[in-house]
Amino acid sequence: MSTRNIKSEIRQRIWKLLVKSGVSTFPPPYGRIPNFLGAEVTARKIREMEIYKKSKIIKVSPDSPQREIRKLILKDGKMLIMPTPRLRGGFLLLNGKKISTDYDFASTIKGAFNYGEELYPDELPNIDLIITGSVAVSINGRRLGKGGGYSELEYAILREYDKIDEDITIISNVHDLQVLKHLPKDPYDITLDYIITPTRVIFVENREDRPKGILWNFLTEEKVKEIPILLKLKREKLFKKN
């Protein structure tokens with residue numbers, strides 16, 4: 001069985017398990033980064049971590065289980081970076097110091113567009129910390145998303161623009177049922193430093209290497225054309241060659 005098929009099977013298994021176990025919360029998990037009972041607990045645990053406390057600029061995925069940590073970031077007066085849907089508009093930068101009380105709304109996608117500034121990667125400040133959602137994770141720091149590959153592309157794009165380096169701390173908050181012993185890994189997959197569940201804080205020792213940038217041979221022409229940032233980067237790469 002191919003890695004792609006194995007990953008697909010794991011996603012289906014995890015989504016069904018979360019529903020069957022009664023820990024899945026709105027919206028329904030299928031096809032998504034699943035929301036879960038205890039997501040708010042994991043957000044508060046992240047808030048207590050030293051890496052969070054010293055970070056000023058934090059990138060967080062726009063998925064439901066990360067909404068509470070986005071709200072806390074803004075409430076704490078930090079800078080929040082969120083990718084726009086399918087990366088078609090670049091990234092949104094929100095300054096928590098400029099948001100007085102409407103943290104709940106600002107932490108949503110609609111609110112982020114209302115309060116945030118839409119920027120291309122070269123306009124972003126350097127990022128201190130990444131918090132991402134997952135469908136499944138493994139105890140050695142591998143991660144499985146919902147299948148679109150956008151978290152990997154966001155990471156790779158930010159590497160290309162020198163907004164992050166390989167040693168940036170990446171955290172994923174998930175339910176305990178989403179933590180597996182093993183997961184397959186492709187060359188473009190990002191790896192985690194910490195896994196936060198409602199009951200555990202897992203530090204990943206001997207984390208595997210991450211990609212140094214965009215792995216163009218894994219991208220179709222259709223995918224590149226869908227995302228203006230990728231198209232711009234590819235044209236720049238061809239220009240440099242010529």
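**Cavity, pockets and buried residues**

Modeller: The lining of the largest cavity consists of 3 nonpolar, 2 polar and 2 charged residues. This is a predicted model, in which local features need pLDDT of at least 70 and side-chain atom pairs count only at pLDDT 80 or more, while totals for chains, interfaces and linings use all residues. Residues are numbered from 1 along each chain as its sequence is written, and side-chain values use heavy atoms, with hydrogens and water left out.

Colleague: What makes a lining residue nonpolar, polar or charged?

Modeller: Ala, Val, Leu, Ile, Met, Phe, Trp, Tyr, Cys and Pro count as nonpolar, Asp, Glu, Lys and Arg as charged, and the others, Gly among them, as polar. The cavity lining is Lys59, Ile130, Thr132, Ser151, Glu154, Tyr155 and Ile190.

Colleague: What makes a set of points a cavity, and what makes it a pocket?

Modeller: On a 1 Å grid over the protein atoms alone, a cavity is a set of points where a 1.4 Å probe fits but cannot get out; a pocket is an open set with protein on both sides within 12 Å along at least five of seven lines, and lining residues have an atom within 4 Å of a point. The structure holds 1 cavity of 30 Å³ or more. The largest cavity contains about 40 Å³ of space, where a volume is the space filled by probe spheres set on the points, and points are joined across faces, edges and corners.

Colleague: Which elements each supply at least two residues of that cavity lining?

Modeller: They are β5 (129-132) and α7 (150-160). With 3 residues, α7 gives the most. Helices (H or I, at least four residues) and strands (E, at least two) are DSSP runs, numbered from the N terminus.

Colleague: What are the volumes of the largest pocket and the second largest pocket?

Modeller: The largest pocket has about 690 Å³. Of its 25 lining residues, Gly147, Gly148, Gly149, Tyr188 and Phe218 are the closest to its centre. Its lining has 9 nonpolar, 7 polar and 9 charged residues, and α1 (3-20) gives the most, with 4. The second largest pocket has about 480 Å³. Of the 23 residues lining this second pocket, those closest to its centre are Ile33, Pro62, Asp63, Lys146 and Tyr150. Here α7 gives the most, with 4 residues, and the classes are 8 nonpolar, 8 polar and 7 charged.

Colleague: Why is Thr197 called buried?

Modeller: Buried means under 20% relative accessible area, exposed over 50%, and partly exposed in between (1.4 Å probe, protein chains only). Thr197 has 0%, so it is buried. Thr197 lies in the loop between β10 and β11 (201-203). Beyond four places in sequence, it is in contact (heavy atoms within 4.5 Å) with Thr42, Lys45, Val174, His175, Asp176 and Val179.

Colleague: How do you know that Gln66 is buried?

Modeller: Its relative accessible area is also 0%, so Gln66 falls under the buried limit. Gln66 sits in the loop between β1 (57-60) and α4. Leaving out residues up to four places away, Gln66 touches Ile33, Val60, Ser61, Ile131, Thr132, Gly133 and Asn173.

Colleague: Which residues of helix α2 are buried, and how do you know that they line one face?

Modeller: In α2 (residues 39-47) they are Ala39, Thr42, Ala43 and Ile46. Seen down the axis, they fall within an arc of 105°, so they line one face of the helix; the arc is that of the directions from the helix axis to the C-beta atoms. These residues pack against α3 (50-54), α4 (67-75), β5, β8 (169-173) and β10 (194-196).

Colleague: How many aromatic pairs are there, and why is the pair of Phe105 and Tyr115 called edge-to-face?

Modeller: The whole structure has 4 aromatic pairs. Rings of Phe, Tyr and Trp (its six-membered ring) pair if their centres lie within 6.5 Å; planes under 30 degrees apart count as stacked, over 60 as edge-to-face and the rest as tilted. The centres of Phe105 and Tyr115 are 6.3 Å apart and the planes at 70°, so the pair is edge-to-face. Phe105 in α5 (residues 103-106) and Tyr115 in α6 (residues 109-115) are 10 residues apart. Phe105, at 29% relative accessible area, is partly exposed, and Tyr115, at 33%, is partly exposed as well.

Colleague: What makes the pair of Tyr194 and Phe203 tilted?

Modeller: The planes of Tyr194 and Phe203 stand at 50° and the centres at 5.3 Å, so the pair is neither stacked nor edge-to-face, and counts as tilted. Tyr194 is partly exposed at 22%, and Phe203 is partly exposed at 49%.
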